[in-house]
Amino acid sequence: MPSSIDSGLIERHNAPLRETLDRDYATLGEKLDRRGVSIDAVTRQVAAFAVAVPSWGVGTGGTRFARFPGPGEPRGIFEKLDDCAVINDLGRATPAVSLHIPWDKADPADLKAKAEALGLAFDAMNSNTFQDHPDDPRQPLSYKFGSLSHTDAAVRRQAVEHNLETVAIGEAIGSKALTVWIGDGSNFAGQSDLGRAFERYLGAMKEITRGLPADWRIFSEHKMYEPAFYSTVVQDWGTSYLTAVELGDKAFCLVDLGHHAPNVNIEQIVSRLVRTGKLGGFHFNDSKYGDDDLDAGTIDPFRLFLVFNELVEAGVRLDALNPSYMIDQSHNVTDPIESLIRSANEIRRAYAQALLVDRAALHGHQENNDAMMASETLKAGFRLDVEPILAKARLEAGGAIDPIAAFRASGYRAKVAGERPAVKGSGGGIV
Ligand code: LRH
Ligand code: MN
Ligand code: MN
């Protein structure tokens with residue numbers, strides 16, 4: 001067991017739960033068997049599905065109003081990796097971590113050694129040109145009025161260089177992709193030339209793409225608004241898709257579930273990106289109003305299921321695209337470790353439910369325009385309680401049947417709270 005979770009703890013925790021799980025698994029197995037579906041085959045597919053955790057997700061987030069740090073907050077990337085290892089050891093769904101530079105800047109050799117010791121790998125790298133970095137001598141210029149789309153070529157150059165530095169760190173630690181999200185935009189009509197800003201962005205993105213290693217991909221991540229409130233340069237999947245097409249074969253679109261207007265049909269966007277071969281990856285989270293960054297599957301689990309329904313529907317086309325699956329959340333009122341364990345499980349749940357949709361029947365009803373039966377067939381997958389499959393996948397990989405309960409029993413949070421000094425709460429940006 002590579003993390004500081006005591007190796008016997010998971011076994012002790014699982015022992016009294018095994019029998020019930022076996023019974024529930026057998027009952028579900030019988031039910032699926034009647035439909036000619038092998039539960040073990042589904043469990044194997046679910047077990048093979050991994051989602052990366054964001055390094056920034058293991059710290060307590062905050063809003064622009066305030067941040068309320070929890071006990072035992074990780075002080076830097078190495079303690080963040082310790083927490084990520086706990087998440088993976090208990091949940092067995094998150095073997096990779098997505099880093100954010102410069103937040104996680106450290107000697108790549110040390111990052112690699114630490115991750116290897118913990119049994120972790122690195123997923124896509126994220127650059128950060130949405131904040132100023134006064135302590136970074138390589139980024140003396142301000143991003144107040146934009147980064148890759150800035151009117152000043154010197155700021156654009158600095159932002160390009162930062163992205164290339166992020167790639168270089170990523171290359172040294174085994175990552176294969178760069179996710180670019182910029183906060184560039186404007187707050188007032190007339191403030192910015194919408195066309196020229198996009199041209200400047202494309203020019204800068206082309207420079208970054210030219211600097212990528214041969215086997216790397218670049219993902220453009222769109223977001224409707226925030227921090228800019230009137231216009232955002234990469235505001236929707238249309239702009240993201242145009243970008244990916246202009247940049248060529250290495251460029252793809254990343255869909256963060258929280259980055260759309262309320263009620264936007266995200267699963268249809270996914271379908272289009274599959275169709276055009278430009279689906280690069282996901283940032284999973286959930287939301288009610290905007291970019292709320294709440295735990296995946298906690299507000300609208302049906303939408304998450306519908307996204308996975310499109311992915312399963314894509315079949316071999318999805319294998320060719322090999323999207324990067326990542327979580328992107330902020331935790332303000334929960335223990336981040338518990339939230340990330342839960343989200344990874346909810347993501348796998350949506351996948352398992354989508355796998356269990358009777359696809360042949362669904363296609364038949366769709367072809368016959370039987371709206372009622374098509375809708376019912378789809379919902380039958382969503383209504384299934386697949387928890388025994390999820391628990392079995394964890395158990396067989398050495399994880400906990402009930403990972404949040406096991407985490408609480410481990411005493412990990414209290415232990416690190418004793419080692420890591422308490423952080424004082426702070427006002428956000430407006431107070
Ligand atoms: C922007 C975003 C983007 C950033 C992360 C911290 O809202 O989703 O992915 O890198 O949050
Ligand atoms: Mn994101
Ligand atoms: Mn976001």
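Start with Glu226, in the loop between β9 and β10. This is a predicted model, so please take everything I say as a description of a prediction. Glu226 has a positive phi of about 80 degrees, and it is not a glycine. As background, most residues other than glycine have a negative phi, and most peptide bonds are trans. Is Glu226 buried, exposed or partly exposed? It counts as partly exposed, because 14 C-beta neighbours fall inside 10 Å, and the cut-off for buried is 20 or more.

There is another cis peptide bond to look at, joining Ile101 and Pro102, where omega is about 10 degrees. Pro102 is found in the loop between β4 (100-101) and α5.

Asp293 also has a positive phi, of about 55 degrees, without being a glycine. Where is Asp293? It sits in the loop between β12 (279-284) and α10. Asp293 counts as buried, because it has 22 C-beta neighbours inside 10 Å.

Glu310 is buried, with 20 other C-beta atoms within 10 Å. What does Glu310 contact, once neighbours within four places in sequence are left aside? The partners are Glu267, Val270, Ser271 and Val274. As for Arg272, 38 residues away along the chain, its C-alpha atom is separated from that of Glu310 by 9.8 Å.

Leaving aside neighbours within four places in sequence, Asp82 is in contact with Ser3, Ser4 and Pro74. Ile39 is 43 residues from Asp82 along the chain, and the C-alpha atoms of the two are separated by 34 Å.

Now the helix pairs. Two packed helices are described by the angle between their axes and the distance between the axes.

Staying with α4, its partner here is α5, residues 108-118; the axes come within 10 Å and cross at roughly 20 degrees. The two helices are therefore roughly parallel to each other, since angles under 35 degrees count that way. The crossing of α4 past α5 is right-handed. On the α4 side, Ile77, Phe78, Leu81 and Ala85 meet Leu111, Lys114, Ala115 and Leu118 of α5. By class that contact divides into seven nonpolar residues, no polar and one charged.

Next, α1 (residues 7-14) and α16 (residues 403-410). Their axes come within 10 Å and cross at roughly 130 degrees, and the helices are therefore oblique to each other. This crossing is right-handed. Leu9, Ile10 and His13 of α1 make the contact with Ala405, Ala406, Ala409 and Ser410 of α16. Five of the residues in the contact are nonpolar, two are polar and none is charged.

The last pair is α3 and α12, with axes that come within 10 Å and cross at roughly 140 degrees. α3 passes α12 in a right-handed crossing. The contact is made by Val42, Gln45 and Val46 of α3, and by Arg348, Tyr351, Ala352 and Leu355 of α12. Its residues divide into five nonpolar, one polar and one charged.

What covers the buried residues of α15? The list includes α1, α2 (18-33), α3 (39-47), α4, α12 (336-355) and α16. Eight of the ten residues of α15 (387-396) are buried, so this helix is largely enclosed by the rest of the structure. The buried ones are Pro388, Ile389, Leu390, Ala391, Lys392, Ala393, Arg394 and Leu395. Just after α15, Gly398 takes a positive phi of about 95 degrees.

I'll finish with the ligand. Which residues are around ligand 1? They are Trp56, Asn126, Trp181, Glu221, Lys223, Asp256, His283, Asp291 and Asp328. By class, this shell has two nonpolar, two polar and five charged residues.

That's the end of my list.

Definitions and conventions:
Residues are numbered from 1 along each chain as its sequence is written. Chains are lettered from A and ligands numbered from 1 in the order in which they are written. This is a predicted model: local features need pLDDT of at least 70, side-chain atom pairs count only at pLDDT 80 or more; totals for chains, interfaces and linings use all residues. A residue is buried if 20 or more other C-beta atoms lie within 10 Å of its own, exposed if 12 or fewer, and partly exposed in between; C-beta atoms are placed from the backbone. Two residues are in contact if their C-beta atoms, placed from the backbone, lie within 7 Å. Axes are lines fitted to C-alpha atoms, for helices over the stretch in contact, and angles run from 0 to 180 degrees between N-to-C directions. Helices (H or I, at least four residues) and strands (E, at least two) are DSSP runs, numbered from the N terminus. Angles under 35 degrees count as roughly parallel, over 145 as roughly antiparallel, 65 to 115 as roughly perpendicular and the rest as oblique. A crossing is left-handed if the near helix is turned anticlockwise from the far one by less than a right angle, and right-handed if clockwise. Ala, Val, Leu, Ile, Met, Phe, Trp, Tyr, Cys and Pro count as nonpolar, Asp, Glu, Lys and Arg as charged, and the others, Gly among them, as polar. A residue is near a molecule or strand if its C-beta atom, placed from the backbone, lies within 6 Å of it.
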